[in-house]
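This report describes a ligand site, a salt bridge and some backbone features. The sequence and structure are shown first.

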Amino acid sequence: MTDWEDLRRDMVEFQIAARGLSDSRVLATMREVPRHLFVGRGMEASAYGDHALPIGEEQTISQPYMVALMTAALRLTGQEKVLEIGTGSGYQTAVISKLADRVFSVERIETLATRARETLDTLGLTNISILVGDGTIGWKEFAPYDRILVTAGSPAVPISLIEQLADPGILVIPVGPRKMQQLRIVEKRDGIIEKHDEGGCAFVPLVGKDAWEVPTG
Ligand code: SAM
């Protein structure tokens, strides 16, 4: 029988801590969340590998290290209202929900949103709301958000997300050309916006009104 706990412990030690990420709350949470429940049937054995995996609809569940890096960049204390754009499998949603007060997550592909909802419900995570729609325009109804996380690559930071970010607030988003981006950290404090990049990454495109064009055909 597979010992999922052992696989998670190794994932955290050899893929995440070994790369220098030391946020103990993030590491502990990633030791807990059963990543294999978020991948497609038959792919469970690969769930803890050091890579992204397909989840259908040409989308991916992000590499564990990237999930840890982005989550750590949000600097969550447990009090925050978080907006996530790109629910995907719901794996990172689950990780964040354990480190923040409440998560609002937007996914443009309905089948993925439905599957993510089912998995998150199975795990009894009740502080998550999911909306099917275009996350490039944010989720106005519950704004402002203390933290915003975008899990798809955008040509620029969508203006609605800057507007819906609380002050103080932190927004994490991959920005750059379609196939290769920089992980950008945007901080709002006293009305001033500061940005810095944390290094290269490669995400599926953020598709919508204020990002890449919706594919046709
Ligand atoms: N963090 C996710 C996980 O743990 O499975 C992986 C997210 S995947 C890399 C990016 C997701 O962003 C895809 O599910 C894609 O459909 C979604 N997406 C792309 N453009 C979007 C948009 N405008 N609004 C909402 N979701 C979008």
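## Backbone: cis peptide bonds

P168 is placed in strand β7, which covers residues 165-175. The peptide bond that joins D167 to P168 is cis, with omega at about 5°. The model is a predicted one, and the angles and distances in this report are computed from it.

A cis peptide bond also runs from A143 to P144, where omega is near 5°. P144 belongs to the loop between β5 (128-132) and β6 (145-150).

## Backbone: a positive phi

E57 is not a glycine, yet its phi is positive, at about 60°. The position of E57 is in the loop between β1 and β2.

As background to these backbone features, most residues other than glycine have a negative phi, and most peptide bonds are trans.

## Ligand: polar contacts and burial

Which residues come nearest to the ligand? There are 27 residues around the ligand, and the nearest of them are S89, E107, D134, G135 and V207.

In E107, a polar side-chain atom is 2.6 Å from an oxygen atom of the ligand. In D134, an N or O atom of the side chain lies 2.9 Å from a ligand nitrogen atom. R108 contributes through its backbone: one of its backbone N or O atoms is 3.3 Å from a nitrogen atom of the ligand.

How much of the ligand does the protein bury? The ligand taken alone exposes 600 Å², and the protein buries 99% of that area.

## Ligand: cavity and shell

The ligand is located in the largest cavity.

Sorted by class, the shell around the ligand consists of 13 polar, 11 nonpolar and 3 charged residues.

## Salt bridges

How many salt bridges does a search of the whole structure find? The search finds 7 salt bridges.

In general, side chains of opposite charge can pair when their charged atoms come close.

Terms used
Residues numbered from 1 in each chain as written. Predicted model: local features only at pLDDT ≥ 70, side-chain atom pairs only at ≥ 80, totals over all residues. Heavy atoms only, no water. Near = heavy atom within 4 Å. Polar contact = N/O pair within 3.5 Å; in protein donor to acceptor, adjacent residues only side chain to side chain. Areas by Shrake-Rupley, 256 points an atom, 1.4 Å probe, with all protein chains shown as cover. 1 Å grid on protein atoms, 1.4 Å probe; cavity = no way out; pocket = protein on both sides within 12 Å on 5 of 7 lines; lining within 4 Å. Sits in = over half its atoms within 2 Å of the grid points. Nonpolar A, V, L, I, M, F, W, Y, C, P; charged D, E, K, R; others polar. Salt bridge = Lys/Arg side-chain N within 4 Å of Asp/Glu carboxyl O. Helix = DSSP H or I, 4+ residues; strand = E, 2+ residues; numbered from the N terminus.
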